[in-house]
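Subject: Structure for you to look at

Hello,

Here is the structure I promised to pass on. Please open it first, then read the notes below.

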Amino acid sequence: DFCLSRGLGDVYKRQVSTQSTGAMDTTSDQEQGLVVTERTFQNLKLNLKERRTQDVVEAVIDRLKGSDTTGFIVWPSSIAFCNYAIEHKDLFVDKKVLEVGSGTGITGLVLSRFCKEIVFTDGNETILPLLAENISRNPVKTCSLSFRELKWGQPVDDLSGQFDVVVGSSLSYKKDSFVPLFKTAFEVLNDSTDSFFMTSYESHSSFLSTYLKEVARGCGFICVESVVLDYCESEDMISYGEMININIYKKAQVDK
């Protein structure tokens, strides 16, 4: 394992940064840094600064013989999501949030500085210990943090209609997972006109963006905002290499 040293504050000049070692010594939750651990794999040589994100995803899955271990890595669109959320924190203040596909938990940990409750979820049970570790290392006095296993598309009766916001970053690399993902997001969101589902992903072609919006409509959502980011991060961070898309969806029947 190793601790990230990517400074989330470098892009938007916010003091929400990862630290390589040491305990947090600031008093404000919103000013505290994050300590986030990724998992490395023996003999898996990947340079995120030089290779396209999709190549890296395929290499991870191929090297580990088809097992899905992508959640152990912090991907570029997750960093982009975090920076966007910091700039638009009012969207999350005092909200009850569920994160799908949490992986390392970095996205939810940033949001925990603003929202009142966040439930981290992932469908891969092998990732949950790492997620739990990262949550325990980043406590927040003003937000309730919990985690659980959640497989997209399966019944979630105890979570139905319980959340103001659903978020997910770097989720769009397996086409057959899109419909279950949107169905789960639709089920757990409440029916308030202020509720929304926000995602980020690397866009390798216009087809993906169009397809995602079509899938969303088929699951009862409409895309109310779509932002395309095209920039490189600072010297110690990943250069995106592709467009990063951030989409916000709302339930169609409550956004008339």
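The notes below start with the whole chain and then turn to two residues.

Please keep in mind that this is a predicted model.

The whole chain

The chain has 256 residues, and 52% of them are buried. Its secondary structure comes to 7 helices and 9 strands. I also looked at contacts between residues at least 6 apart in sequence. Of these, 72% join residues at least 24 apart.

S102

S102 sits in a loop. The loop runs between strand β3 (96-99) and helix α4 (106-111). Is S102 buried or exposed? S102 has a relative accessible area of 6%. The cut-off for buried is under 20%, so S102 counts as buried. Leaving aside neighbours within four places in sequence, S102 is in contact with F120, T121, D122 and L131.

K213

K213 lies in helix α7, which covers residues 206-218. Its relative accessibility is 28%. That value falls between the 20% and 50% cut-offs, so K213 is partly exposed. Which residues does K213 touch, not counting those up to four places away in sequence? They are C223, S226 and N247. K213 and Y249 are 36 residues apart in sequence. In space, their C-alpha atoms are 8.9 Å apart.

Best wishes

How values were computed. Residues are numbered from 1 along each chain as its sequence is written. This is a predicted model: local features need pLDDT of at least 70, side-chain atom pairs count only at pLDDT 80 or more; totals for chains, interfaces and linings use all residues. Side-chain values use heavy atoms; hydrogens and water are left out. Helices (H or I, at least four residues) and strands (E, at least two) are DSSP runs, numbered from the N terminus. Buried means under 20% relative accessible area, exposed over 50%, partly exposed in between (1.4 Å probe, protein chains only). Contact means heavy atoms within 4.5 Å.
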